[in-house]
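Please look through the structure below before reading on. The paragraphs that follow lead through its loops, a helix contact, a salt bridge and the spaces inside the fold.

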Amino acid sequence: MRAVLSIGSNLEDSAAHLARVEEDFAAELVVASGMFATPAWGNTNQPDFLNAILIVEVTDTPLQLLRRAQRLEQEAGRRRLVHWGPRTLDVDIVALCDDAGAEITVDTPELSVPHPFAHERAFVLVPWLAADEAATLGGRRVADLVAALPEDEVAAIRRVAGLP
């Protein structure tokens, strides 16, 4: 199964937190977007985030992948204190595809894939487009989803050094 993971951090050594996720998936990594500095979303009174997209090929089930993401967040000291608040690490499953490239949908109390808000978040879409120019989400090209976002949101996202 191919998975698109959105990873982000705005506390402590954010670059190190993102690198730790990439290390955990190193054997399964297809491509990494590189790192992007992005303004906080939702609760904007906090430091900018570092965000990236990892595209990985895993044998995990969707729920196993979720548990793995949660383990990485816990290892980074993630505390869920404020909705859309600052965090040491956030690992979201954005999309899943089977071996034939067909989108996998998951809708359980624990996990919704595709991520229900990915299509409106520049901090997810811009790095994803950098990783895969042909990417699609819900049958729409990620490039078209980026083009439909407010220009100022897209312009505020900038590539920074780190992660290949």
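In which loop is Glu12 found? Glu12 is found in the loop between β1 and α1, where helices (H or I, at least four residues) and strands (E, at least two) are DSSP runs numbered from the N terminus. The phi angle of Glu12 is near 60°, a positive value in a residue other than glycine. The model is a predicted one, in which local features need pLDDT of at least 70 and side-chain atom pairs count only at pLDDT 80 or more, while totals for chains, interfaces and linings use all residues. Residues are numbered from 1 along each chain as its sequence is written, and side-chain values use heavy atoms, with hydrogens and water left out.

The peptide bond that joins Val113 and Pro114 is cis, with omega about 0°.

Helix α1 (residues 14-24) packs with helix α2 (residues 62-75) at an angle of about 140°, and their axes are 11 Å apart; axes are lines fitted to C-alpha atoms, for helices over the stretch in contact, and angles run from 0 to 180 degrees between N-to-C directions. In α1, Arg20, Val21 and Asp24 meet Arg68, Arg71, Leu72 and Glu75 of α2, contact meaning heavy atoms within 4.5 Å. The residues of this contact divide into two nonpolar, no polar and five charged, with Ala, Val, Leu, Ile, Met, Phe, Trp, Tyr, Cys and Pro counted as nonpolar, Asp, Glu, Lys and Arg as charged, and the others, Gly among them, as polar.

Side chains of opposite charge can pair when their charged atoms come close. The structure holds 13 salt bridges, each a side-chain nitrogen of Lys or Arg within 4 Å of a carboxyl oxygen of Asp or Glu. One of them joins Glu57 and Arg2, with the closest N and O atoms 2.7 Å apart. This pair links distant parts of the chain, since Glu57 lies in strand β4 (residues 49-57) and Arg2 in strand β1, 55 residues apart.
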